[in-house]
Amino acid sequence: MTNDQRGLPGLDAALARGLTSRRMSRRNMIKLGGISVGTLSFASILAACSGGTTTSGGTQSAGSVNFDPSTASNHVNFANWPLYIDKAHGTYPSLEKFTNETGISVTYNDEINDNASFFGEILPQLRAGQDTGRDIIVITNGEYLAALIANGWATELDPSFRPNFDKNAASWAKSPFYDEGNTHTMAWQSGLTGVGYNTELINKAPTKLDDLMSTEFFPPSSVGVLKEDAPNLVMVNLGIDPKTSGQDEWNQAAEWLKKLRDSDTFYNAYDQGYIDDLNAKNLSGTMAWSGDVLYYKIWAGKPYEFIMPADGALLWIDNMLIPANAKNPAGALQLMDFYYDPPNAQMLTEYILYMSPVPAVQQLIAKHAQQETGTYATQLEQTAQNALLWPDQELLSQVSLGRNLTTDEESKAWHDTFDPIWEQ
Amino acid sequence: MGQAPPDVKGHIPQGVELPPARQGQRALERRRRLAAYLQLAPGGLYMVIGFIVPLAIIVYTSLSTSGLFSTGGKSVFSWEWSNYSTALDQYHDVYIRSIVYAAIATSLCIGLAYPMAYWIAFYGGQWKSTLFMLILVPFFVSFVIRTVQWNFILGTNGLIFGPLKSLGLVSQDFTVLRTPFAVIAGITYNFMPFAALPLYVSLERIDRRLVEAAKDLYASKAMAFRKVVLPLSFPGIFAAIILTFVPMTGDYVNAVVLGGPKTTMIGVIIQDAFLVRHEYPVAAALSVILMAGMLVIALLYARALGTEDAALAAA
């Protein structure tokens, strides 16, 4: 890929990209979209009342789906998060490449603003056993992914049709504990939840999660918390393994969070939108997603740093899966596997700066950096060298994928423990 | 052969034999009545589909059970009254806070909008319409965008406090956002036009000769206002309070954008329960409690202070 392909003539490619398509955090779309009622699917409430008992209509038995590429129809609908794919001049180069290679066209919709509301949106069709209109969706590991799998709403994949995945997937992307053997999911991208801060606003560089509540490190009323990720991140930093944690451990984490909430440094707790407050300088430091902070640091030149707290961080994985009764599962699996071919995965990483499930991409970006010049080369170099994008075994030993909630009782106990902290 | 005389209003009593011409008149009357119903029908149907049906669904859901894993998110009706006790147990503080915030903001709205509406109605002259349009101008910008802008304006280092802090006029730790002040200020701003509209309408309708008469009878300006203008504008004040207090209590945009964990309002809890946790039954119970509470407050209020003109002023 050359500058010219990616940018505007005469402009540094990265700068041009920054000017023409400011990339927000893929999780950064303000949830206020909910106000437009779009996310509160009225249909889902209607469907919620549609009698019957506990059967899940969308269940598909294993082996009932044919994944043979020769049976794939010529169109795939792909639902993803905003600004989570390479884009140039209104088109998606990697998807075009896929279409050229396979003859399968792709409709790409960046319609997922958060797991919960998207789940609510497709719930009525899933429950009715209907096609959701999407062949691939991307869901973060956690409660909703667990519910999709448990209810039979994620199509079971045929492992014999994903050669690139077998050959190139990172160790962490293979057989994650929430989906052993990748029977239903394949990682799209991943990232860390750690601590991000503005070097110009802090008093002293933090190293531990505990530092968030100390004015020695952060000015008063300037620290943010990520509500959804905080419990797991805190447990990791209390030396608790979230995976096997129970009510007692959750209470400890809740106590820690209450302490932070009542400390002088605390500013606010976020579902999303924390990065806006970091950019508006309302926050000096915050629990943050690696990709967000790295983007603003590397591509926008902001004085930001992202650290993995000394006692560990939270790893999350956004997973591609095929909803039950999708029209073109064979084409969908082909596309999912396409992104495990290193040059294709490289196109994504160079653009979105999240953790790629294809480690070979690191070498390719380093090589690409040598072919480029100027700022763009430096930025690619920084991308290739950033330890947080290419986790080694040592780093992986310090991260956790968090607690997987798999029953209503667990889910209720979890929410009853943590939600009231932010809903006083 | 005597013909039955029509009654004074031209109404033809039932069962009276009429010559063909008079029968035509009765058919015409029936058509007129039908036309009246037909005029009501579209709006009525809209209300049934848009309000009555969802309301029934919400009540039904509030008495159901559901779980992501056990029922696949489906609400199963089970007379689950415990949803109501759970909602009240966990969130009674938030309900009270929402009502207190809304009450304060409503008073502020009336306090700020009344003089404005008064001035426009009494002294606006030929500029009345223009001035009144100015009050409505903010409506041309989305509610959410306006609130988010407040976030920038009131930010720790934002438009107001950034410069004040760099000049050393305000301490570095000073923050307005995430405080009750910010949330109440936000809702007051966003709902003020709803107070201004009915106030203006009721003030504008006041016969100026009544004020003159009061003055002729040696009332001072203040007394004329207190004894004549204010009582005559009560319907407007009543309508303004209903139009602002009720939606303010359920508002969640301001609490989300300008507030923090200690300023949560009930709207935030409901939206979280619906959209984040998918606990539809509890969310529905929370909504029903809010709605019922508002209805009771509004009825008590109407009984105590309301007048028949109130609805008119609101219209």
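The buried residues of helix α13 of chain A are A:N344, A:A345, A:Q346, A:M347, A:L348, A:T349, A:E350, A:Y351 and A:I352. A residue counts as buried if 20 or more other C-beta atoms lie within 10 Å of its own, as exposed if 12 or fewer do, and as partly exposed in between; the C-beta atoms are placed from the backbone. Helix α13(A) spans residues 342–352, and nine of its 11 residues are buried, so it is largely enclosed by the rest of the structure. The cover over these buried residues includes α4, β4 (186–198), α11 (290–299), α12 (329–338), α14 (361–371) and α15 (374–385) of chain A. Just after α13(A), A:L353 takes a positive phi of about 60°.

This is a predicted model: local features need pLDDT of at least 70, side-chain atom pairs count only at pLDDT 80 or more, and totals for chains, interfaces and linings use all residues. Residues are numbered from 1 along each chain as its sequence is written, while chains are lettered from A and ligands numbered from 1 in the order in which they are written.

How confident is the predictor? pLDDT is its confidence in each residue, from 0 to 100. Chain A has a mean pLDDT of 85, and 85% of its residues reach 70 or more. Over residues 1–59 of chain A the pLDDT is below 50, and beyond near neighbours in sequence this stretch has 122 contacts in the model. Two residues are in contact if their C-beta atoms, placed from the backbone, lie within 7 Å.

Now take chain A as a whole. Its secondary structure comes to 17 helices and 10 strands. Helices (H or I, at least four residues) and strands (E, at least two) are DSSP runs, numbered from the N terminus. Of the 424 residues of chain A, 52% count as buried. Among its contacts between residues at least 6 apart in sequence, 79% join residues at least 24 apart.

Next come the strands. Two strands pair if DSSP finds at least two bridges between them. Strand β7(A), residues 285–289, has five of its five residues buried. In a regular strand the side chains alternate between the two faces of the sheet. On one side of β7(A) lie A:G285, A:M287 and A:W289, on the other A:T286 and A:A288, and all are buried. β4(A) runs antiparallel to β7(A), joined by five bridges. There, A:Y197 has A:G285 as its bridge partner. Strand β5(A), residues 223–226, pairs with β7(A) in the parallel sense over two bridges. In that pairing A:G224 stands opposite A:T286.

Another pair is parallel too: β1(A), residues 75–79, and β2(A), residues 105–109, share five bridges. A:H75 stands opposite A:S105.

Domain 1 is 17–189 + 319–387, and domain 2 is 191–315 + 400–422. Their contact takes 25 residues from domain 1 and 19 residues from domain 2. On the domain 1 side, α6 and α15 each supply at least two residues.

Finally, where do the chains meet? In the model, 40 residues of chain B are in contact with 41 residues of chain A. On the chain B side, α11(B) gives the most, with five residues.

Notes. pLDDT = per-residue confidence, 0-100. Domains from an automatic or database assignment.
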